[in-house]
Structures are given as C-alpha cells and as structure tokens.
Amino acid sequence: MRTPLVAGNWKMNGSRTMADTLMAGIAAGLTDRPNVDVVVCPPFVLVPQCREQANGTGISVGGQNLGSQESGAFTGEVAADMLLDFGCEYVIVGHSERRTLYGETDEVVAAKARVASEKGLVPIICIGETLEEREGGNTEVVVTRQLSAILEIAGTAIFPQALIAYEPVWAIGTGLTASDAQAQEVHALVREQLAAQDAQAALATRILYGGSVKPDNAAGLFAQADIDGGLIGGASLKAQDFLGIIGAARS
Ligand code: PEP
C-alpha cells in the first residue's frame, strides 16, 4: 500500500569522482528495479552530475535543503525552482543539523516544507528529539510541537505527498539506533497525529526512520507497521551498504 522509500543524505561529502563511483555502484545493484523508491541527496554542486547518472536507473535525486524564498537577495540560498530546474524531485527539510547548527526553527522548517510542496518538490521533513529531551521524557512533546508547526504553517494538504522522517537526534551519526519498538512507538504517534487531521492522508503518508541505519539493523526497523523506509546518512556513502538497506526495504 505504501511503497517504501530509502533516501541517502550525503551531507557535505563527495567529489565528482566519488559521486561517479557511488552512483555507478548503486545503479549496478538496482538492475531488477525493486519496489522501493530510491533517492540520493548529494551536495548541491553534485546534483547535475548525479541527475545525469541517475537517468534510466530509477534513482531519484533530491536537495539537502532549500531557501524559503522564491528568489532574490539571499546569498548562499538555493530556491525550489532551481532544484526543479536541475531535475530534483525531493528535498530534505529541517534536518537536525540544519536545526541545531544553523538555527532553523520549527516555523522556518514549516515554511520550507510549504514552499517545497507548493513548487512540486516532495519534502522529506525531519523531526526528532535530542537525547536530553528523550531522557527527560519529552519525546512526545517535542515531536508533537515540530509536527504541529508543519500542520499549521504548511497545512495538512501537503500530505500524503510529503514525507516525514523521524530522526532521533541522539541516533544520527552516533552508531546508536532507536530500537525497533522505540522507533515504531514514535512513528505510530506521528501517524495518529496526522490522522487526527486527515485519516486518509495519514494512511498513505510515508514515515521514514533515520539514525544510524545499517544493512544489519534495517530489516527489523522496516518490518515495523508504521516505518516505511529510511533516511540514511553514513551508510548511503557506500554503495554496498546503501543497497543492503534498499534490499531490507523491499522484503
Ligand atoms: C542523517 O543524516 O539523516 C542520518 C540519519 O545519518 P546517519 O545514518 O549517519 O545516522
């Protein structure tokens, strides 16, 4: 019913040579076209090259961020139209590194999700709690607050096209992963909150898990009822690992 999706977030990693090798490696392992949507999100400058290499492979390309404005005097920003012009279909919005290192608030993230959706990009909207928030028993409060801003500012109508990525901040790049049950608990909560607005859209919305997903823990996570694939950081930089995770999503 919900086609699983696995997206690779390359972060600020890569070069033309690296992208060439990685894209070729992923494409070589996808010859039988699994029933999984596969997305790579390279740094902006590598988007055109990755887009070209993705042709005919079934791999989609996404940005890692976008500006919330249409165009103009916003030095360093990249607009939704630019991503579309270069063949992107997806864009990651509100990654915890954007929130914590670059001060993106819930409102900014929601505005970006709205612009992306209005322009026809599929936003992969990241939410998730820090370790301190989890240990303080505030996971539900934080995730609810982040999601509420999205629903209020971007609106319910962005779903089910838009995706949510639940990424506990304490699990990103740390090697720590939420247990299958911990992840499922939050995913179910997210779907419940979407359902309170629009039951049909909630059923069709894909909710990804992110946070140290590897080939050996992906199957357990993806087997959970409300986990529809993953947003993958470190393991998306190695074709074999990324393919192993895609393989876990298809089974
Ligand atoms: C991420 O950057 O979104 C992420 C989940 O990273 P990692 O898989 O390396 O934890």
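Buried, in these notes, means under 20% relative accessible area, exposed means over 50%, and partly exposed is in between (1.4 Å probe, protein chains only). I'm working from a predicted model, where local features need pLDDT of at least 70, side-chain atom pairs count only at pLDDT 80 or more, and totals for chains, interfaces and linings use all residues. Residues are numbered from 1 along each chain as its sequence is written, and side-chain values use heavy atoms, with hydrogens and water left out.

**Entry 1**

I started with G94. It counts as buried because its relative accessibility is 2%. I found G94 in the loop between β4 and α4 (96-101); helices (H or I, at least four residues) and strands (E, at least two) are DSSP runs, numbered from the N terminus. What does G94 contact, leaving aside its neighbours within four places in sequence? I got R99, E104, V109 and C126, with contact meaning heavy atoms within 4.5 Å. I also checked G94 against I127: they are 33 residues apart along the chain, and their C-alpha atoms are separated by 7.2 Å.

R99 sits in helix α4 and counts as buried because its relative accessibility is 13%. Not counting residues up to four places away in sequence, R99 touches G94, E104, D106, V109, C126, I127 and Q146.

**Entry 2: the ligand**

Which residues are the closest to the ligand? I noted K11, E167, G173, S212 and G233, out of 14 residues that surround the ligand; the cut-off for being near is a heavy atom within 4 Å. Sorted by class, that shell has four nonpolar, eight polar and two charged residues. For the classes, Ala, Val, Leu, Ile, Met, Phe, Trp, Tyr, Cys and Pro count as nonpolar, Asp, Glu, Lys and Arg as charged, and the others, Gly among them, as polar.

Then I went through some distances to the ligand's oxygen atoms. A polar backbone atom of G173 is 2.6 Å from a ligand oxygen. For E167, a polar side-chain atom lies 2.7 Å from an oxygen atom of the ligand, and for N9 the side-chain distance to a ligand oxygen is 3.3 Å. I'm using polar contact for a pair of N or O atoms within 3.5 Å; within protein, one must be able to donate a hydrogen and the other to accept it, and residues adjacent in sequence count only if both atoms are side-chain atoms. How much of the ligand does the protein bury? Taken alone the ligand exposes 290 Å², and the protein buries 97% of that. Those areas come from the Shrake-Rupley method with a 1.4 Å probe; for residues, only the protein chains shown count as cover.

**Entry 3: S212**

S212 is among the closest residues to the ligand, and I wanted its surroundings too. S212 is in the loop between β7 (207-210) and α10 (215-222). Is S212 buried or exposed? Buried, because its relative accessibility is 10%. A polar atom of the S212 side chain lies 3.5 Å from the backbone oxygen of L176. Setting aside residues up to four places away in sequence, S212 touches A171, G173, T174, G175, L176, T177 and N217.

**Entry 4: salt bridges**

I counted 14 salt bridges in the structure, each being a side-chain nitrogen of Lys or Arg within 4 Å of a carboxyl oxygen of Asp or Glu. R2 and D228 pair at 2.9 Å, N to O. This pair links distant parts of the chain, 226 residues apart: R2 is in the segment before β1 (5-9), and D228 is in the loop between α10 and β8 (229-232). R2 and D228 are both buried. I also saw that R2, R191, D226 and D228 are linked in a network of salt bridges.

R51 and E89 make another salt bridge, at 3.9 Å, N to O. R51 is in helix α2 (residues 47-54) and E89 in the loop between α3 (80-85) and β4 (90-93), so I logged this pair as linking distant parts of the chain, 38 residues apart. R51 counts as buried because its relative accessibility is 17%, whereas E89 counts as partly exposed because its value is 37%.

K112 and E104 also form a salt bridge, with their closest N and O atoms 2.7 Å apart. K112 is buried, with a relative accessible area of 4%, and E104 is buried as well, at 8%.
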